[in-house]
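Let us walk through this model step by step. Keep the sequence and the 3D view at hand.

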Amino acid sequence: RTIPSDDGTAIPLVLYMRHVLGVRYLGVLNIDDAYGRAYATGIQLAAQEFAPDLVIQREDINVAASDDALRRVVEFLADTQYTFFFGIFFAGDLAERIMNEAVKQGIAGTGRHNWVFADAIGGSVTDRNYERGSPLEKAFRGTSMLSAVGGISGMDVYDKLGTGLRELKNEDDIRYMRTILPSYEDGEPVDHDSILNGDTFLSAPGLVAPFLYDATIALGLAACDAAADSDEDDYFDGPTHFNRV
């Protein structure tokens, strides 16, 4: 799939934080890997260009951080006395350890502190049902997630893609889709009716489809270019296709 870089995603984050929410001080806690460092740097660069009066305090955290190391990082954020934080780390044990510690140190679950997450947090925000009143329920209550998307309703090309997808939900196309979906999984037959006949199937592009569409069309156009220049009856090899992409 084709997606914008995190540098691009950082721009609306900075604009929203500074010019919509009125945030002047933002703490950024990022996982210490290529993804986390690049995203955090992108936020700093976006702030320099689009909101130079936004003060950013950044802290890195290792994916294998000990309890003591994690406590020190969260303590550092607490010492800033900031009330807005952006978290760049993955869902799972590390996220829950961070947010548990944030509750302990009084910078989450207070009703006064605000956490926004990169979409790497995934289901911790959208899918989990923590016990009401538990530290994690308090920590994630009222939080939000910023996700890169391939368009929104009202954008002409996005709406056209949505219309095109919905037009595929007809008897002939559904019949064709049945022929290309896998028939078995782990040796057991698969019934796709719940998907193909579901109310939401093809109803909207969603988060990923626009990126997949761009990638698929790019592959097709590159194959046409490679085939047009081939001297062997439209044959071309993988490296040629890759270079054309």
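Trp115 is buried, at a relative accessible area of 3%. Phe117 is buried too, with 0% relative accessibility. Buried here means under 20% relative accessible area; over 50% is exposed, and values in between are partly exposed (1.4 Å probe, protein chains only).

A word on the source. This is a predicted model, where local features need pLDDT of at least 70, side-chain atom pairs count only at pLDDT 80 or more, and totals for chains, interfaces and linings use all residues. Residues are numbered from 1 along each chain as its sequence is written, and side-chain values use heavy atoms, leaving out hydrogens and water.

Now the rings. The structure holds nine aromatic pairs. Trp115 and Phe117 make a stacked one, 6.0 Å centre to centre with 20° between the planes. Rings of Phe, Tyr and Trp (its six-membered ring) pair if their centres lie within 6.5 Å; planes under 30 degrees apart are stacked, over 60 edge-to-face, the rest tilted. One aromatic cluster takes in Phe85, Phe89, Trp115, Phe117, Tyr130 and Phe140.

Next, the sheet. Five strands build an open sheet, ordered S2-S1-S3-S4-S5, with parallel pairing. At the edges are strand S2 (55-61) and strand S5 (144-146), each pairing on one side only. Strands are DSSP runs (E, at least two residues), numbered from the N terminus. Two strands pair if DSSP finds at least two bridges between them.

Look inside the sheet. Strand S1 (residues 25-31) and strand S3 (residues 84-88) run parallel, joined by four bridges. Asn30 stands opposite Ile88 in S3.
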